[in-house]
Amino acid sequence: MQTSSTRDRIVVAASRLIQRQGYVGTGIKQIAKEADATLGSVYHFFPGGKESVAVAAITHGRDEFADLLRTALDGTDDPAGAIDACARLLARELRTSGWTDGCPITAAALETLGTDDSPIQQACADALRTWQNLVADKLLGCGFPSPEARDLAATVINTLEGAEVTAQVTRTEDPLLLAGRHLSRLVASYA
């Protein structure tokens with residue numbers, strides 16, 4: 001991915017590092033090195049230090065994952081097929097990454113549990129809400145009533161998140177493919 005500015009390189013590098021090794025395991029010096037930036041540049045763009053870099057990285061990961069979800073959801077008019085397509089796309093992307101590029105917020109979210117007011121937890125919660133809203137919008141656009149669409153969307157994201165972690169740990173696409181098939185059946189049962 002070609003980035004146009006030092007700030008963008010820092011955000012993308014931080015996003016990848018946090019995705020792969022977590023918030024705790026990622027240091028400012030490592031982010032600077034991966035971004036081909038000086039440590040001074042990191043602090044120039046992110047005077048709040050590691051936490052503010054992490055929030056920008058999580059926001060970047062949220063948007064990147066939202067684009068992936070949109071691609072899968074917009075690929076078919078059939079809501080059940082769209083959900084299965086999401087799971088298949090996630091499985092393919094995870095396998096292609098060598099099982100390293102799972103959910104862009106999972107590690108940071110789990111490592112910062114218990115810090116309800118932290119900007120990192122807020123960014124993680126916002127990401128999950130954003131993804132649920134994308135799925136809900138697809139279902140609403142297919143004629144699902146609002147309460148069912150919102151509940152199903154939460155179920156879809158919750159299940160895909162768990163399946164993605166399981167796929168990463170077991171190094172197989174099977175958990176995501178299985179989740180996709182069953183979520184598709186669930187969504188079809190409401191149609």
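Colleague: What volume does the largest cavity have?

Modeller: About 30 Å³. This is a predicted model, where local features need pLDDT of at least 70, side-chain atom pairs count only at pLDDT 80 or more, and totals for chains, interfaces and linings use all residues. Residues are numbered from 1 along each chain as its sequence is written, and side-chain values use heavy atoms, with hydrogens and water left out.

Colleague: What counts as a cavity or a pocket here?

Modeller: Both are sets of points on a 1 Å grid over the protein atoms alone. In a cavity a 1.4 Å probe fits but cannot get out. A pocket is an open set with protein on both sides within 12 Å along at least five of seven lines. Lining residues have an atom within 4 Å of a point. Grid points are joined across faces, edges and corners, and a volume is the space filled by probe spheres set on the points.

Colleague: How many cavities of 30 Å³ or more does that give?

Modeller: One.

Colleague: Which residues line the largest cavity?

Modeller: I18, Y23, T26, I31, K50, V53 and A54. Helix α4 (residues 50–73) gives the largest share of that lining, three residues. Helices here are DSSP runs of H or I with at least four residues, strands are runs of E with at least two, and numbering starts from the N terminus.

Colleague: Where does K50 lie relative to Y23?

Modeller: Over the face of the Y23 ring, 4.5 Å from the ring centre. The rule asks for NZ of Lys or CZ of Arg within 6 Å of the ring centre and within 35 degrees of the ring normal.

Colleague: Now the open space. How much of it lies in the largest pocket?

Modeller: About 270 Å³. There are 15 lining residues, and Q19, E64, L68, E93 and D101 are the closest to the pocket centre. The elements giving two or more residues to that lining are α1 (6–21), α4 and α5.

Colleague: Let's stay on α5. What is its reach from first C-alpha to last?

Modeller: 26 Å, for 18 residues. That is close to the 26 Å expected at 1.5 Å a residue. The expected span is 1.5 Å times one less than the number of residues.

Colleague: Which α5 residues are buried?

Modeller: P79, A80, A82, I83, D84, C86, A87, L89, L90, A91 and L94. Buried means under 20% relative accessible area, exposed over 50%, and partly exposed in between, with a 1.4 Å probe and protein chains only. The cover over these α5 residues includes α4, α7, α8 and α9.

Colleague: And α9, what covers its buried residues?

Modeller: The cover includes α5 (79–96), α7 (119–141) and α8 (146–170). The buried residues of α9 are P175, L176, L177, A179, G180, L183, S184 and V187.

Colleague: What does S184 touch, leaving aside neighbours within four places in sequence?

Modeller: S184 is in contact with A80, G81, I83 and D84. Contact means heavy atoms within 4.5 Å. S184 counts as buried, with a relative accessible area of 15%.

Colleague: Is W99 buried or exposed?

Modeller: Buried, at 13% relative accessibility.

Colleague: And D36, buried or exposed?

Modeller: Exposed, at 66% relative accessible area. D36 also has a positive phi, near 55°. D36 sits in the loop between α2 (28–34) and α3 (39–45).
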